[in-house]
Amino acid sequence: MTEYRPDKSGRFGEFGGQFAPETLMPALQELETAFETAWSDDVFHSQLAELFASFVGRPTPVYHAQRLSERVGAAVYLKREDLAHTGAHKINNTLGQALLTKRMGKSRVVAETGAGQHGVATATACALLGLECVVYMGAKDIERQALNVYRMRLLGAEVVAVHKGAATLKDAVSEAFRYWVSSVESTHYIIGSVVGPHPFPYIVREFQKIIGIELHDQMSGDPGSLPRPDVIVASVGGGSNAMGIFYPWIRSGVDLVGVEAAGHGLESGEHGASLVAGSPGVLHGSMTYMLQDSDGQVVEAHSVSAGLDYPGSGPEHAYFRDEGIARYVAVTDVEALAAFHEFSKLEGIIPALESAHAVAWVLREAADLAGKTVVINLSGRGDKDVQQVAAMQEGGAQ
Ligand SMILES: *Cc1c(COP(=O)(O)O)cnc(C)c1O
């Protein structure tokens, strides 16, 4: 396994860095120091390993998807992050950062959330560790995601409505950062993906790399083990589940494929494919590929899947893209929805709409994948999406 860190200024090649207001710099520095100390401490690692095993249910299994394999003509395996507690990989990161919060002697966590998945994973980790939890959420999203708002409140979190701007995720991020700056002594900010100013992309990658490390043990290709993968496929929103499974496999000869949301189609301009169809710029504190207009203004993303509905992706993915370490592709809403239905019937597993994008790419590229060993990172389960898909079918959208 090739291990490396971002450079001293928090860059992966030309991407990343710290494009943040002066007022935030001391907090970012404090966080970097606290993380470095924790990450070189065996006690911290054993606390996290214990929680991963007994609370999250790690290691998550690898499952040979037999009927999907027959359909595709390849040996297709699923890395079952959908079986992690709360139903997705997000808990790996929130638990790690909540533990770090305790270590820093802080008693409160602030987070942003769009559809509410990261908010729920954060509220869960905070309940477990007895931390106060404040979640900023756009007022529009609060209306659309009533069930997740209720879940967060059940878990003891305070959900704060953001009415500014478009009252969605981007505005919630700004407000959460503002709150963090004003209460940094007692509060840690738990970001939801491998995005944001350094050291966040690095920290989130370190907490998520457990996915790819486990896969190394599970698919080593040694006698008695499963075969080594030829291809690893994962959906990319901000990029944390993809980074988590890719990073331990970089430069190993395995084809790493990140699947972005093509939404209504790349040519429609309504999509979330920043690596495939975006350009370099500064988004949420770091230099990365993003969706922007000719004036450098952020363009709103679109995807049927809330987790992929983000106008950028993590700076390390931008680096992977330009270096050819991984490749990035996109599938449309229509393709993802078809895969959501087909996969459910074939495998008895309802996938998250995000994960259905990775499945859709495998179905589409079956001819090229014939005879290969393919791993899909099944980042989450689809229970959260069933109501949305049902409503869309009734509405005749699909
Ligand atoms: C949030 C989410 C994603 C997208 O986020 P990444 O940081 O790109 O992983 C993908 N799958 C599921 C199930 C999610 O909840």
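By class, the lining of the second largest pocket splits into eight nonpolar, three polar and one charged residues, where Ala, Val, Leu, Ile, Met, Phe, Trp, Tyr, Cys and Pro count as nonpolar, Asp, Glu, Lys and Arg as charged, and the others, Gly among them, as polar. The residues in question are Phe 19, Ala 20, Pro 21, Leu 24, Val 173, Ser 174, Phe 177, Arg 178, Val 181, Pro 197, His 284 and Gly 285. A pocket here is an open set of points on a 1 Å grid over the protein atoms alone, where a 1.4 Å probe fits, with protein on both sides within 12 Å along at least five of seven lines, and lining residues have an atom within 4 Å of a point. The volume of this second largest pocket comes to about 180 Å³, taken as the space filled by probe spheres set on the points, with grid points joined across faces, edges and corners. One of the lining residues, His 284, has a positive phi near 45° despite not being glycine. His 284 sits in the loop between strand 11 (279-283) and strand 12 (286-290); helices (H or I, at least four residues) and strands (E, at least two) are DSSP runs, numbered from the N terminus.

The model is predicted, so local features need pLDDT of at least 70 and side-chain atom pairs count only at pLDDT 80 or more, whereas totals for chains, interfaces and linings use all residues. Residues are numbered from 1 along each chain as its sequence is written, and side-chain values use heavy atoms, with hydrogens and water left out.

Strand 9 (residues 231-235) has five of its five residues buried, so it is largely enclosed by the rest of the structure; buried means under 20% relative accessible area, exposed over 50%, and partly exposed in between (1.4 Å probe, protein chains only). In a regular strand the side chains alternate between the two faces of the sheet. Both faces of strand 9 are covered, with Val 231, Val 233 and Ser 235 buried on one side and Ile 232 and Ala 234 buried on the other. Strand 9 pairs in the parallel sense with strand 10 (residues 255-263) over five bridges, pairing being called if DSSP finds at least two bridges between two strands. Within that pair, Leu 256 of strand 10 stands opposite Ile 232. Strand 14 (residues 373-377) also runs parallel to strand 9, joined to it by three bridges, and there Ile 376 is the bridge partner of Val 233. Together, strand 9, helix 11 (residues 240-246) and strand 10 form a right-handed β-α-β unit, meaning that, with the strands pointing away from the viewer, the path from the first strand over the helix to the second runs clockwise.

His 271 is buried, at 6% relative accessible area, and its side chain reaches the backbone nitrogen of Ala 273 at 3.0 Å. That counts as a polar contact, a pair of N or O atoms within 3.5 Å; within protein, one must be able to donate a hydrogen and the other to accept it, and residues adjacent in sequence count only if both atoms are side-chain atoms.

Strand 6 (residues 132-138) is mostly covered too, with six of its seven residues buried. Six bridges tie it in parallel to strand 5 (residues 108-113), and Tyr 136 of strand 6 is the bridge partner of Glu 112.

As for helix 13 (residues 315-323), Pro 315, Glu 316, His 317, Ala 318, Tyr 319 and Phe 320 are buried. Asp 322, in that helix, is partly exposed at 37% relative accessibility. Its C-alpha atom is separated by 9.3 Å from that of Gly 13, 309 residues apart along the chain. Gly 324, with a positive phi near 75°, follows helix 13.

The peptide bond from Arg 58 to Pro 59 is cis, with omega near 0°, and Pro 59 lies in the loop between helix 2 (42-56) and strand 3 (62-64). A cis peptide bond also links His 198 to Pro 199, with omega near 10°.
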